[in-house]
Structure formats: structure tokens, C-alpha cells
Amino acid sequence: MTDFPVARNVAKMQTSSTLKTAQIAGELRGQGFDVIDLSIGEPDFPTPEFIKQYAWEGLQKGLTKYTPTAGLRTFQESIAAFYAEQFDTKFSPEEIVATDGGKQALFNAACTLLNAGDEVLIPKPYWVTFPEIVNFCGAKNVFIETEETDFILTAEQVRGAITDKTKLLIINSPNNPTGRVIPPDEMRKIVETCAEKNVYVLTDECYLFFVYPPAKIFTSASLPEELRKFVCVAGSFSKTYAMTGWRIGYTIASEQWSKEMAKLQSHSTSHPTSFVQYACARAMENRADSMNAVNSMLTEYERRKNWLIPALQTIESFKVAEPQGAFYAFCDVRNLLGDRFKTSSDVADFLLEKAHILITDGEAFGADGFLRISYATSLENLQKAVEKIKNLL
Ligand SMILES: Cc1ncc(COP(=O)(O)O)c(C=O)c1O
């Protein structure tokens with residue numbers, strides 16, 4: 001049998017590191033072990049009942065056919081109206097393209113902008129998919145170190161990294177894996193810095209609503225028009241409304257950029273599922289129920305965080321800062337490295353082997369020496385896990 005001649009663009013992609021751990025976990029479960037999964041990147045809550053009802057309503061109304069590529073008009077209008085009420089934004093429905101999740105939003109935005117040789121700024125640590133998309137486009141990843149500023153990107157760091165080849169900056173705030181949130185004023189300065197140099201900004205806002213006070217929620221969709229024309233917001237229903245399997249998201253960008261993204265999408269997935277778009281549109285119109293659902297999840301994440309962080313801080317050699325958003329604790333385990341463990345990946349492997357706890361190693365996020373612990377799981381699981389980790393380390 002000849003080897004499959006995989007395309008260069010795909011051959012150089014890394015398979016998601018979570019796949020490896022998921023496989024080991026599956027094997028351990030198969031052997032009857034009680035595995036505690038703290039690698040989860042999705043809410044452990046069900047999709048709110050009213051959204052499921054809306055999807056059923058959409059089916060009954062016969063929304064089972066193609067929709068426009070950029071999405072049902074009602075989807076675009078409801079998002080524009082929701083943002084206008086919630087964040088005082090001014091964009092129009094034409095500036096929205098419905099996508100199959102946040103991932104496609106990011107792909108659409110990058111692929112419609114980047115050419116081979118363009119430089120793309122990505123602050124470290126980053127979400128694993130960002131550099132892969134850039135590589136896929138033939139562009140060049142330029143990473144920005146942010147540890148000095150507690151993993152919160154600053155305009156000054158961006159200014160220092162821009163060259164005449166820089167085309168795009170990709171930001172994710174609230175951040176996966178660090179849980180850090182860029183303050184609104186800094187975010188505005190970052191976009192201003194980019195706009196001055198004709199650099200575009202792709203902001204992944206998939207954890208937008210999961211922010212713990214005093215950190216502040218901020219969407220770049222609320223920036224003034226002259227800045228917004230350089231911005232594409234990648235939004236997603238996945239985390240916000242516990243809808244990961246529904247595959248629905250959107251971009252908010254200038255009409256010109258949106259048209260190009262819709263053109264690209266028309267030759268790939270066409271559009272997200274029709275009755276899912278309908279359900280999301282109705283959910284956005286029902287802002288009270290939507291925000292209630294979001295707030296009750298946020299309250300639960302905060303309760304878990306408030307227990308988890310002090311508990312992790314009692315583990316010797318673990319350094320953990322208070323997350324400001326999302327649902328991850330980002331642990332610095334570099335003090336553990338030496339003879340016993342060479343890398344943070346060794347620590348993660350050890351915890352999996354000895355305690356059957358699944359934790360994501362930071363390496364895939366460009367953060368060797370760190371572990372990401374997800375608290376999108378029950379408090380009981382977190383308590384059991386911390387107890388076991390403490391005993392072992
Ligand atoms: C930072 C970040 N962006 C985007 C996504 C993709 O989300 P979606 O399910 O909407 O494609 C994820 C999912 O884990 C994520 O963590």
C-alpha cells in the first residue's frame with residue numbers, strides 16, 4: 001500500500017494533544033478505573049431547556065432547508081439587537097456571518113485576510129488552533145511573550161512586535177488557557193495601536209460572558225467605527241449557552257470583510273444548521289432568559305473557582321493565580337521540575353498514571369511548565385482531585 005500523499009498544509013498540522021490524553025483516559029476507564037477529567041473544554045451543564053424548545057419550534061416551522069450563507073436574516077438581526085442592548089454597539093445585521101462554531105469564524109476571518117509570508121501576532125500562551133490556522137494559510141506566526149505582564153497582553157507589547165509584514169493580531173480574552181482578561185482600556189489601546197499600522201485584529205470572544213468581577217466584560221464590537229473596521233469578532237454559542245455540539249457561532253466584521261467570509265463559506269459548509277440558527281435567534285430575542293441561563297452558569301463556575309484556587313494554592317510547588325474569566329486554573333509547576341519530572345507533561349502523565357486525573361499540559365498552548373485545570377466539572381470531582389494531587393506530590 002502506498003502512503004497517502006497528504007497535502008503539505010495538513011501534514012504540518014499538529015493533532016490536538018487532548019486526543020492523546022482522551023485515548024489514555026478511555027483505556028483507563030475501560031479497565032474499570034474512576035478517571036477524573038479536568039481537561040474538559042466545554043461546560044458540564046445541559047443546553048438550557050428554552051433553547052431546545054426553540055430548536056423544536058424551528059423544525060416544526062419547516063426550517064429544514066438551506067438558508068442564506070451568511071445566515072437567516074432573523075439570526076443576523078437578533079445578534080445585532082442583542083449586542084446593541086447589552087453592549088450599546090452600533091453594527092448592522094449585514095456585518096454578521098453565521099458560522100459553524102467559533103472555530104469556523106476564526107478560520108473564515110484568517111483565510112480571507114492572510115497571504116503567504118504575512119506575519120501574524122499571537123500572544124503566548126495561545127489557544128492551540130490559532131497557530132495552526134496561520135500555518136494553514138501559509139502565513140508566519142510571531143509569538144508575543146506576556147509572562148512579564150502576568151499573561152495580559154499590552155498595547156506596548158503589540159507595538160514592539162509589529163513589523164511592516166504584520167497583517168493580523170489574534171487575541172483571546174477571557175483567555176483559554178490562562179483565565180486572564182484584558183481590561184477594556186488596554187483592549188482599546190491594542191486595537192488603536194494596530195489600526196495605526198493597518199494591522200487587523202481577530203478577537204476570539206467565545207468566553208465573553210464568563211468574567212468574574214472586578215474584571216470587566218468587554219467586546220471589541222463596541223469600539224467606534226474607525227477602529228472596528230480593523231476588527232473581526234469571533235463569537236460562539238458553544239460555551240456561553242452550553243451548546244458545544246450544536247456548532248453555531250458568528251463573526252462581527254465590516255461589511256466588506258463579511259462578504260469575503262460568506263463567499264469563502266459558501267464553498268465549504270454553506271451555513272450552520274437552519275433550525276439551530278432559528279433557535280439562537282429566538283434565544284437572543286429572549287434576552288432575559290438567555291442572560292439568566294448565562295448568569296446561573298457563571299455563578300456556579302465562580303463557586304467552584306472560589307473553592308479550587310485556594311485549594312490548589314495549598315499544594316506545594318503549585319503556583320496559581322486567580323482566574324479573571326473562562327473556566328480554567330492555570331498552574332505554574334516549574335518548581336516541580338528537576339530530577340523527578342523533566343517537563344510539565346511528565347507531571348500530567350504522572351497524575352494520570354497514579355491518580356487517574358486528566359489534566360492538560362501547557363506545552364500545546366506554548367506554555368511549557370504549566371498545567372491547565374478545567375473547573376467545568378463538579379465541585380465533588382475537583383475536591384477528590386485536589387486531595388489526590390496533594391497526597392501524591
Ligand atoms: C479559545 C477558544 N476559541 C474557540 C473555541 C472553539 O469553540 P467552538 O465550539 O465555538 O468552535 C474554543 C473551544 O474550546 C476555545 O477554547
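**Entry 1, the ligand.** I began with the shell around the ligand, whose residues divide into two nonpolar, nine polar and two charged. For these classes I count Ala, Val, Leu, Ile, Met, Phe, Trp, Tyr, Cys and Pro as nonpolar, Asp, Glu, Lys and Arg as charged, and the others, Gly among them, as polar. A note to myself before going on: this is a predicted model, where local features need pLDDT of at least 70 and side-chain atom pairs count only at pLDDT 80 or more, while totals for chains, interfaces and linings use all residues. Residue numbers start from 1 along each chain as its sequence is written.

I then listed the neighbours: 13 residues surround the ligand, and the closest are Gly 101, Gly 102, Lys 103, Ser 236 and Ser 238. Being near here means that the C-beta atom, placed from the backbone, lies within 6 Å of the molecule. Helix H5 (residues 101-111) gives the largest share of the shell, three residues. My helices (H or I, at least four residues) and strands (E, at least two) are DSSP runs, numbered from the N terminus.

**Entry 2, the seven-stranded sheet.** Next I traced an open sheet of seven strands in the order S2-S8-S7-S6-S5-S3-S4, and its pairing is mixed. Strands pair if DSSP finds at least two bridges between them. Strand S2 (96-99) and strand S4 (140-144) are at the edges with a single partner strand each, so one side of each has no neighbour in the sheet. I noted a twist that averages 20° from one strand to the next. For angles I use N-to-C directions, from 0 to 180 degrees, with axes as lines fitted to C-alpha atoms, for helices over the stretch in contact.

Glu 119 has Thr 166 of S5 as its bridge partner. Helix H6 (residues 129-136) lies across S3, S4 and S5 and runs at about 175° to S3. Contact, here and below, means C-beta atoms, placed from the backbone, within 7 Å.

Another cis bond joins Asn 176 and Pro 177, where omega is about 20°. Pro 174 lies in the loop between S5 and helix H8 (184-196), and Pro 177 is also in the loop between S5 and H8. I also marked Phe 151, a residue other than glycine with a positive phi near 65°. Phe 151 sits in the loop between S4 and helix H7 (155-161). I flagged these because most residues other than glycine have a negative phi, and most peptide bonds are trans.

Helix H4 (residues 73-87) packs with helix H11 (residues 274-285) at an angle of about 25°, their axes 8 Å apart. That makes H4 roughly parallel to H11; my classes are under 35 degrees for roughly parallel, over 145 for roughly antiparallel, 65 to 115 for roughly perpendicular, and oblique for the rest. On the H4 side the contact is made by Thr 74, Phe 75, Ser 78, Ile 79 and Phe 82, and on the H11 side by Gln 277, Cys 280, Ala 281, Met 284 and Glu 285. I sorted the residues of this contact into six nonpolar, three polar and one charged.

I found four strands in an open sheet, order S9-S10-S13-S12, with antiparallel pairing. Strand S9 (319-320) and strand S12 (360-361) are its edge strands, each pairing on one side only. Five bridges join strand S10 (residues 328-332) to strand S13 (residues 370-374), which run antiparallel. Asp 332 has Phe 370 of S13 as its bridge partner. H12 packs on this sheet, touches S9 and S10, and makes about 10° with the direction of S10. Helix H13 (residues 344-355) packs on the sheet too, touching S12 and S13, at about 40° to the direction of S13.

The axes of helix H12 (residues 287-313) and helix H14 (residues 379-392) come within 10 Å and cross at roughly 5°. H12 and H14 are therefore roughly parallel to each other. By class, their contact has seven nonpolar, no polar and one charged residues. The axes of H13 and H14 come within 11 Å, crossing at roughly 105°, which makes H13 roughly perpendicular to H14. There I saw Leu 351, Lys 354 and Ala 355 in H13 meet Lys 388, Ile 389 and Leu 392 in H14.

How values were computed: Contact = placed C-beta atoms within 7 Å.
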